[in-house]
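Welcome, and thanks for taking a look at this one. Here is a short briefing to read alongside the model.

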Amino acid sequence: MKRTWWKEAVVYQVYWRSFYDSSGDGVGDLRGVIEKLDYIEKLGVNVVWLNPFYESPDRDNGYDISDYYSVMEKAGTMEDFEELLDEAHKRGLKVILDLVVNHTSDQHEWFLESKSSIDNPKRDWYIWRDPVNGSEPNNWRSYFTPSTWEYDVGTGQYYFHSFAVEQPDLNWENEEVREAIYDMMRFWLDKGIDGFRMDVINLLAKIDGFPNAENPEYTDYLANNPGIHDYLKEMNEKVLRHYDILTVGEIPFVTPEEGLKYVAEDRNELKTLFHFEVADDMPSWDMVRYKEIQEKWHKAFYGKGWNSQFLNNHDHTRQVSRYGNDNRYRKESSKLLATMIHTLPGIPYVFQGEEIGMTGVRFDTIEDYNDIAMKNKYREEVEKGRNPVEVFESLLPLSRDNSRTPIQWDETEQAGFTEGEPWINVNPNYKMINVKRELSEEDSIFSYYKDLIALRKEHPVMIYGDYTDLSKGQEKLYVYTRQFEGTRWLIILNCSDDHTIFDIDVTIDESNERLILANYNDVSDKDVLKNTSLRPHEARIYEIAL
Ligand code: TEU
């Protein structure tokens with residue numbers, strides 16, 4: 001498989017509104033990112049993904065764009081962005097932007113025109129349908145609301161939205177729409193950005209005729225529809241292939257075989273993808289299932305396409321709270337999960353704050369929350385007559401705001417994130433968990449991430465190695481090898497709160513075994529592995545003989 005810079009990337013996701021506020025208005029901003037670039041550089045990552053900062057009414061935190069060509073006031077100015085890009089590049093950091101082209105804001109000029117009358121030239125830029133028997137054209141559910149259809153009184157038709165009512169879907173069948181999007185992509189690429197994270201990119205094509213779904217609750221009918229690969233091939237042909245960039249598609253609802261169609265090297269569509277078999281479908285840790293997922297994706301992708309590894313992002317609860325132990329073993333399990341993500345095949349993603357072991361949050365009332373997905377769901381369920389307290393409790397574990405609280409920089413007021421009132425409350429544990437503390441402690445989570453990321457630069461086995469799981473079916477231990485050009489690594493993870501005996505059948509030649517990294521600092525090179533008792537959330541990486 002060809003070596004390329006983007007396969008060797010470690011991506012750091014910057015949710016800028018919660019990163020650092022340079023202006024004191026309570027919202028993080030692009031200047032705040034510039035001020036903290038040295039911090040990102042110190043971690044050793046080489047790509048930064050910035051969540052959307054384009055002009056937006058901000059109903060879905062920037063994923064409802066009203067002007068693709070300008071910067072939202074809260075985030076800063078175009079000059080700030082250009083400076084950020086320049087400063088990042090000076091530090092050897094590449095920058096990828098969010099590309100949100102399945103939908104726009106309902107305040108986008110295009111939609112305002114489209115809505116203004118049935119014969120407006122932009123009417124067909126969005127998806128409009130007549131009522132069926134006086135009601136919605138079909139029974140589909142959107143991600144954030146009970147129906148994908150919203151009625152427009154002015155023109156007597158419904159428009160289609162896969163997400164919130166304020167996020168109408170563009171009509172990708174219309175060539176003018178596609179060309180307008182390609183122009184916009186070139187605009188940013190020509191500024192020198194290094195790629196795109198493509199928001200729900202497999203939703204662009206819709207099922208012909210919008211037939212009713214048998215089970216409308218399972219919204220897979222929104223994704224992977226006929227025509228999608230034609231759009232992506234065209235996008236590649238007209239735009240992507242002319243730039244040396246990283247493209248990562250957000251691709252929910254795919255099997256590995258289907259996923260490969262988006263990224264197979266010989267198909268000329270995207271470079272990599274995020275699938276959601278873990279984030280969307282594994283609410284809490286399930287070791288056996290996680291291994292099965294890794295196995296089947298590796299099998300389908302090895303030598304053919306490139307994957308990504310992540311356990312959290314701005315939509316998914318912080319990994320140490322969801323999949324580790326954010327209490328007694330916060331430090332150990334943060335490091336273990338990092339070891340896993342950075343040694344499995346695919347590009348590792350670090351979501352801001354993960355590198356200091358930030359945890360999920362629990363606010364007291366629904367008013368303390370901002371997430372439109374959570375708030376809409378809360379309203380929908382309460383309107384059905386359900387008990388509000390129960391509904392609230394049920395939404396807490398996976399609320400997207402778990403990951404969206406401000407970065408905890410230090411122990412001062414508002415965790416040093418802002419001098420104003422933060423747009424969302426700071427996690428109350430900031431005095432214990434913060435960057436300042438992490439940077440001052442030798443065996444901190446941050447310093448472990450730094451070591452792990454540095455290893456990737458010296459050891460291509462972490463990137464290009466094949467993968468063999470030696471622990472199938474085991475519920476606590478995850479043990480696998482990676483092998484590449486004469487080097488073999490053994491990764492040992494005790495994914496549990498218990499002491500666990502290492503009883504895996506792998507031949508270890510003591511004279512050849514070398515400890516590469518461990519998350520307990522008293523492990524020595526000479527530790528014989530067989531029958532060793534591994535401590536809770538213990539993680540080790542060895543180089544072993546072939
Ligand atoms: O997310 C798509 C989305 O709906 C995710 O919330 C979902 O959990 C999953 O990851 C895909 O099945 C993207 C953005 O990341 C999110 O913040 C936006 O709200 C959404 O698209 C709409 O643009």
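A cavity here is a set of grid points where a 1.4 Å probe fits but cannot get out. By that definition, the structure holds two cavities of 30 Å³ or more. Please keep in mind that this is a predicted model.

**The ligand and its surroundings**

- You will find the ligand in the largest pocket.
- There are 18 residues around the ligand, and those that come nearest are D60, D199, D280, H314 and D315.
- By residue type, the shell around the ligand is made up of eight charged, seven nonpolar and three polar residues.

- H103 places a polar side-chain atom 2.9 Å from an oxygen atom of the ligand.
- For H316, an N or O atom in the side chain is 3.0 Å from a ligand oxygen atom.
- Y143 has a polar side-chain atom 3.2 Å from an oxygen atom of the ligand.
- On its own the ligand has 500 Å² of accessible area, and the protein covers 96% of that.

- The volume of the largest cavity is about 110 Å³.
- Its lining consists of H275, V278, A279, Y290, I293, Q294, W297, N307, S308, Q309, F310 and L311.

Key: Residues numbered from 1 in each chain as written. Predicted model: local features only at pLDDT ≥ 70, side-chain atom pairs only at ≥ 80, totals over all residues. Heavy atoms only, no water. Near = heavy atom within 4 Å. Polar contact = N/O pair within 3.5 Å; in protein donor to acceptor, adjacent residues only side chain to side chain. Areas by Shrake-Rupley, 256 points an atom, 1.4 Å probe, with all protein chains shown as cover. 1 Å grid on protein atoms, 1.4 Å probe; cavity = no way out; pocket = protein on both sides within 12 Å on 5 of 7 lines; lining within 4 Å. Sits in = over half its atoms within 2 Å of the grid points. Nonpolar A, V, L, I, M, F, W, Y, C, P; charged D, E, K, R; others polar. Points joined across faces, edges and corners; volume = space filled by probe spheres on them.
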